[in-house]
Amino acid sequence: MLGLNKKDTSLLLVVAALTLLAPFILNPFPEGSAMAQFNAGYPDLMQRFVIFGIFAIGFNILFGLTGYLSFGHAAFLGVGSYSAVWIFKLFTYNVLPAIALSVVVAGLFSLLIGFVSLRRSGIYFSILTLAFAQMSFALAYSVLSNPRFNLTNGETGLQVYADDPQWFHRDGLPDLPHLFGLSMRSTYRLDLGAWSFDFNAGYYLCAVVLMVVFYLAIRIFRSPFGMMLRAVKSNQQRMNYTGLNSRPYTLAAFVISGMYAGLAGGLMAAMDPLAGAERMQWTASGEVVLMTILGGTGTLIGPVLGAGFIKYFENIFSKINDNVLHGWFAFLPDGMEDFVVAIIHPFIGKGWHLTLGLLFMLVVIFLPGGLVEGGQRLRNWVRGKPKTENTSGKTEPAE
Amino acid sequence: MSNNDVTRRRVLKTGAVAGAGLALPTIFTAQSVRAFTNEPTGSSVKLGFNVPQTNAYADEGADELRAYELAVEHLNGGGDGGMMNTFSSKALKGNGILGKKVEFVTGDTQTKSDAARASAKSMIEKDGAVMITGGSSSGVAIAVQGLCQDAGVIFMAGLTHSNDTTGKDKKANGFRHFFNTEMSGSALAPILEANYGKDRRAYHLTADYTWGWSQENSIRNYTEALGWETVNAVKTPLATTDFSSYIAPVLNSGADVLVLNHYGGNMVNSLTNAVQFGLRDKQVEGRNFEIIVPLYSRLMARGAGENVKGIFGSTNWHWSLSDAGSQAFVKSFGEKYGFPPSQAAHTCYVQTLLYADAVERAGTFNPCGVAEALEGFDFDGLGNGPTLYRAEDHQCFKDVLVVKGKENPTSEFDLLEIVEVTPRAQVEYAVDHPDFAGGDLGQCNPGA
């Protein structure tokens, strides 16, 4: 279907099913039960899963295929968000022009940065992109946000005010980002017995976009262009010696992944019309690297899984506090209860980074191919196949 | 390996699939049946406490959380009732709010707008919070206030001192009990004039976000009206931890006053750096070099230790106040946690009581009803004397304290002494004050 082979078609169908049924899959526990804490099926988090999935898919086109490790991808996401919010401020709350512009602006911006950074490779390339991203962050945070010339509104974040022009905004349209009148915030809540499931318009917009860009990513991975990028990763020097100029290919990959990041940024602004400078900070750039490596570099579905994994920890584990723990362990005798809570305390709440760090270490040490490799091993084990050799074609480390 | 043929049939098929995908979300446009966002239907009601638990304002956030837990205990009839006994409105009975038991969820704002909004959104969407409160940074407060306006829940601002929160960024669903930089400026100016004279040269270090700009602007307006000259004003990023490179230029700038428009961990570090560079022992043309911290808190004074002695600033509330409300609060807070509350804890506790009281008086959790009950509400007994929630901008008007770092502290909590209680009449300003211009409350939004 759609020019894909059988295996890729089924992968696309799996992704489609997962995203469309996410409200059910992510809310397995009845509302009001003790386990409801672990439900992730509320609109904001589902949107984040998908948006960061898009971000990581795009990053993987650069990192997974060419091996160029960019530490500045958050800058493109931020630029996309700012452009989208400016469309909201100046023209209309309709999300389509905002998302379109965010992709275009991020594409141009990545062309500029890529043109300079790609003159070097390896660690020098990483440092260059990191430097550019931190420059963009400083610009957004401070330089471009003084009271005289306020492009980004600094720490507060760019947002839409009632007195903004919004030339194409009409009465009767929602005062929030919308798609031809359908507010991104409108949610249909389905109550089934003790369970409740949220179907959010904004989430489904993101989900459709994810399926489209996932399809695009498959086509890129399977194209001659994708093959050329893989060649860059395996031995760029040799390619150059054969008289082939690889830079147009790497630059194209860089711009494509920058546009994916811009798309993610535009969607973020469309779901919540505020763009903060922190989303351009180096920690945000590092996060997408983690997502890709955690899920499985160079695989198609890995980055999406990694993004979901990290966002789940950030939003669910960070909200478990001592009160919740005491609730869980109330059945233990008093002294024991306090002891158990004290042991677990550093790993939950604001300590979620610690838990994530430990899991990341475990994955990198025991599953170098990321969660995807874990899945493959599990499948082989279930089918009773003997251990296959490392799937080296997909998981070799980046240089 | 690849298949790039584009046939008419394939284009049609792709188009049909894409069209179906785009049409799918329109099935789900129906709204929920609730009358307003997160209408509590069971026997309990959930409030969302969104405070910084990490980064520069973590100390304030931790104290705010303690105050919220105390307020919830008191609302549910536990403890000794604290300020509920001294509050001029007697609508609260200690049986929860409107008979519903108060429960709460907490979140970490990380003092970042994005993270704070994500946390507040999950409280609203996942936990069903009907009111969000907290924040220890004006940037965050403004971002979350905007979100609450869109989502249709009440936002009771915690510690936020920028003029913009109830100025150009004010929202119909947002309310602020804390004072602002305009009030700080007008309360501090007479004290500065009396102590330091009329011909000082000031150097500003300013936290680079909405609160810092607002604070710098207010202090400049008032001190320049006295006759002071502003030598320079330098912006410092909020995440800065070492201010040496910002302090060094002060030494040779010819300034004889340093104004630190910093709060929390920022102020602790910048003041410590300033003292290390010998600014406090410095003489400029025969006069002592002075440092001013326009917004002070006890937590900051404790963090900065010895260095705060003799330094002037303003504060919203201090635990050594002797009125019945303050004493009741200090007593129940002290009994629960073993030390006196900070101003951040006070304003958060008071905001929670004010919200609960407004719900009781309105008889509904509907944000529009609550807003109506809070607008123009006159009250007393919550530690700041007679106070008004002004209807036009949702700002509280009350006395402001001017404080000074104590020369001879008697305990680790007794770090600030009250120099003057500036009466409410002196710090009041018109709704159309130029520093507050450009905002619009808009209409209250009940969501749904």
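Here is a short chat about a predicted model with chains A and B.

Reader: Let's start where the chains meet. Which helix of chain A gives the largest share of the side that touches chain B?

Author: The contact takes 40 residues from chain A and 43 residues from chain B. On the chain A side, helix 3 (43-66), helix 6 (122-143), strand 4 (187-192) and helix 7 (201-222) each give two or more residues. The largest share is 6 residues, and it comes from helix 7 of chain A.

Reader: And how many residues on that side of chain A are nonpolar, polar and charged?

Author: We're still on the side of chain A that touches chain B, with its 40 residues. They divide into 18 nonpolar, 12 polar and 10 charged.

Reader: UniProt marks residues 201-221 of chain A as a "transmembrane region". How far apart are the end C-alpha atoms of that span?

Author: The unreviewed UniProt entry gives that feature at several places in chain A, including 123-144 and 201-221. Residues 123-144 are 95% helix and 0% strand, with end C-alpha atoms 30 Å apart. Residues 201-221 are 100% helix and 0% strand, and their end C-alpha atoms are apart by 30 Å.

Reader: Over to chain B. How many residues of domain 1 are in contact with domain 2?

Author: Chain B is divided into domain 1 (44-179 + 319-398) and domain 2 (182-315). Their C-alpha centres lie 29 Å apart. Where the two domains of chain B touch, domain 2 brings 16 residues, and the number from domain 1 is 17.

Reader: Which helices of chain B supply at least two residues of the domain 1 side?

Author: By class, that side of domain 1 of chain B has 5 nonpolar, 8 polar and 4 charged residues. The helices of chain B that each supply at least two of its residues are helix 2 (58-75), helix 4 (138-151) and helix 11 (343-362).

Reader: What do the buried residues of helix 10 of chain B pack against?

Author: Helix 10 of chain B covers residues 324-337 and reaches 20 Å from its first C-alpha to its last, close to the 20 Å expected. Its buried residues include G325(B), A328(B), F329(B) and F333(B). In chain B, those buried residues of helix 10 pack against helix 2 and helix 11.

Reader: How many residues are in the largest nonpolar core?

Author: Among the members that touch the most others are I54(A), Y260(A), V144(B) and L258(B). Domain 1 and domain 2 of chain B each give this core at least three residues. L258(B) touches, among others, Y203(B), V250(B) and I291(B). The count for the whole core is 233 residues.

Reader: Q166(A) has a positive phi although it is not a glycine. Is Q166(A) buried or partly exposed?

Author: Q166(A) has a phi of about 45° and lies in the loop between strand 1 (158-159) and strand 2 (178-179) of chain A. A residue needs 20 or more other C-beta atoms within 10 Å to be buried. Q166(A) has 19, so it counts as partly exposed.

Reader: H394(B) has a positive phi too. Is H394(B) buried or exposed?

Author: H394(B) has a phi near 60°, and its place is in the loop between strand 14 (387-389) and strand 15 (396-397) of chain B. With 24 other C-beta atoms within 10 Å, H394(B) is buried.

Methods
Residues are numbered from 1 along each chain as its sequence is written. Chains are lettered from A and ligands numbered from 1 in the order in which they are written. This is a predicted model: local features need pLDDT of at least 70, side-chain atom pairs count only at pLDDT 80 or more; totals for chains, interfaces and linings use all residues. Two residues are in contact if their C-beta atoms, placed from the backbone, lie within 7 Å. Helices (H or I, at least four residues) and strands (E, at least two) are DSSP runs, numbered from the N terminus. Ala, Val, Leu, Ile, Met, Phe, Trp, Tyr, Cys and Pro count as nonpolar, Asp, Glu, Lys and Arg as charged, and the others, Gly among them, as polar. UniProt positions are given in the numbering used here, feature names are shortened, and annotations may be inferred rather than shown by experiment. Domain bounds come from an automatic or database domain assignment. The expected span of a helix is 1.5 Å times one less than its number of residues. A residue is buried if 20 or more other C-beta atoms lie within 10 Å of its own, exposed if 12 or fewer, and partly exposed in between; C-beta atoms are placed from the backbone. A nonpolar core is a set of buried Ala, Val, Leu, Ile, Met, Phe, Trp, Tyr and Cys residues joined through C-beta atoms within 7 Å. Lists of a residue's contacts leave out its neighbours within four places in sequence.
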